[in-house]
Amino acid sequence: MDWIDLRSDTVTLPTESMRLAMAEAEVGDDVYQEDPTINHLETIAAKRMGKESGLFIPSGTMGNLLAVMTWCNRGDEMILGDRSHTFLYEVGGAAAIAGVHPHTLPNKENGTLDLAAVENAIRTQNIHFPTTRLLVLENTHNACGGVPLSAAYTADAGRLAHEHGLKLHLDGARIFNAAAALDCTAGELTAPADSVTFCLSKGLAAPVGSVICGTKEFIDTARRNRKMLGGGMRQAGILAAAGIVALEGMTDRLAEDHKRTTQLAEALETLTGLTLLQGKPQSNMLFLRIDHPDIDADTVVARAFDKKIKLSARNRTDMRLVVHYQIDDMAVNRVVQLFTELLQ
Ligand code: TLP
């Protein structure tokens, strides 16, 4: 029996065609910008995001840090959600490395920020204040349940940012999930943003990598900053080759993951001792609460492991399940069976 892993879509394994493309990739030294495979990935990625240029980077975390470093000076302020990945899960790199001061606002349940609150948070000219330079949004919003942010909302946020001289960065780690959820193109969702990062290594199943996109001028500076962070990767066309397969071949199938997430949710919500958090899933994530006298989330994780199912607990009661390329109908059935047996 194969392992099932619902801890994240970061656990996806590369496909056969990715491995083949990696083996055959033409490579060069990317610090000299001479890796043809990376150059090609950056070109097609920028095109999909509707931006001038792209830069291949090792991770989404580095992408968000590069955006912060490239748009802000030390001591500047950025506005972002209190449940955003950049604030919660990036080791405080924006403060520690970029020296940027985070001004958090509460994320609404739908992943957005109240734009009137954003406007109020933008600093005026005052000798006591840092300068507000950047607004960061996340699409899909991970901690808010994998919810997609609409193109209309992002456009309103972009307009507001630009009216006040701010830049808008979009953490689009799962922007293709958002596009699948909203039945639009990724480009429609990224159009209002000055910079966007997206991950190849999550639902798109590439082994490593993200791309950050923006104007040529922005990317030229981000490239210098990537070098400063030690992210100049030499013959990484081996990795970019898998990224090209991911970008060209894996985005259209994400709706399948969303369908299975809904099926899983519909089966689990019928069980007593379990409630769905954040409503019906809108993409590939399912958040649930265990509400049982004898079983907590850690017990579920331990019992699941015995059945070759990897799950993770967010705290004593809550769990996040993420559906991805390696989760087929049979895997969904095994997970439903596990919860049914545990909670009955
Ligand atoms: N998210 C991971 C963990 O870090 C929590 C996950 O399992 O979901 N932005 C968003 C919205 C993300 O969800 C993640 C990763 C990142 C950025 C960072 O990407 P990587 O892992 O490539 O640094």
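These legends describe close-up views of a predicted model. Local features need pLDDT of at least 70, side-chain atom pairs count only at pLDDT 80 or more, and totals for chains, interfaces and linings use all residues. Residues are numbered from 1 along each chain as its sequence is written, and side-chain values use heavy atoms, with hydrogens and water left out.

**View 1. W71 stacks with F218.** The whole structure holds 3 aromatic pairs (Phe, Tyr or six-membered Trp rings with centres within 6.5 Å; planes under 30 degrees apart are stacked, over 60 edge-to-face, the rest tilted). In this one, the centres lie 4.4 Å apart, with 20° between the planes. W71 belongs to helix α3 (residues 60-71) and F218 to helix α10 (residues 216-228), so the pair ties together parts 147 residues apart in sequence. Helices (H or I, at least four residues) and strands (E, at least two) are DSSP runs, numbered from the N terminus. Both W71 and F218 are buried (under 20% relative accessible area, 1.4 Å probe, protein chains only; exposed is over 50%, partly exposed in between).

**View 2. F176 meets F198 edge-to-face.** Ring centres are 5.5 Å apart and planes stand at 90°. F176 sits in helix α8 (residues 175-182) and F198 in strand β7 (residues 195-199), 22 residues apart. F176 and F198 are both buried.

**View 3. Charged ends sit over the rings of F129 and W3.** The criterion is NZ of Lys or CZ of Arg within 6 Å of the ring centre and within 35 degrees of the ring normal. R123 lies 5.0 Å from the ring centre of F129. K310 lies 5.1 Å from that of W3.
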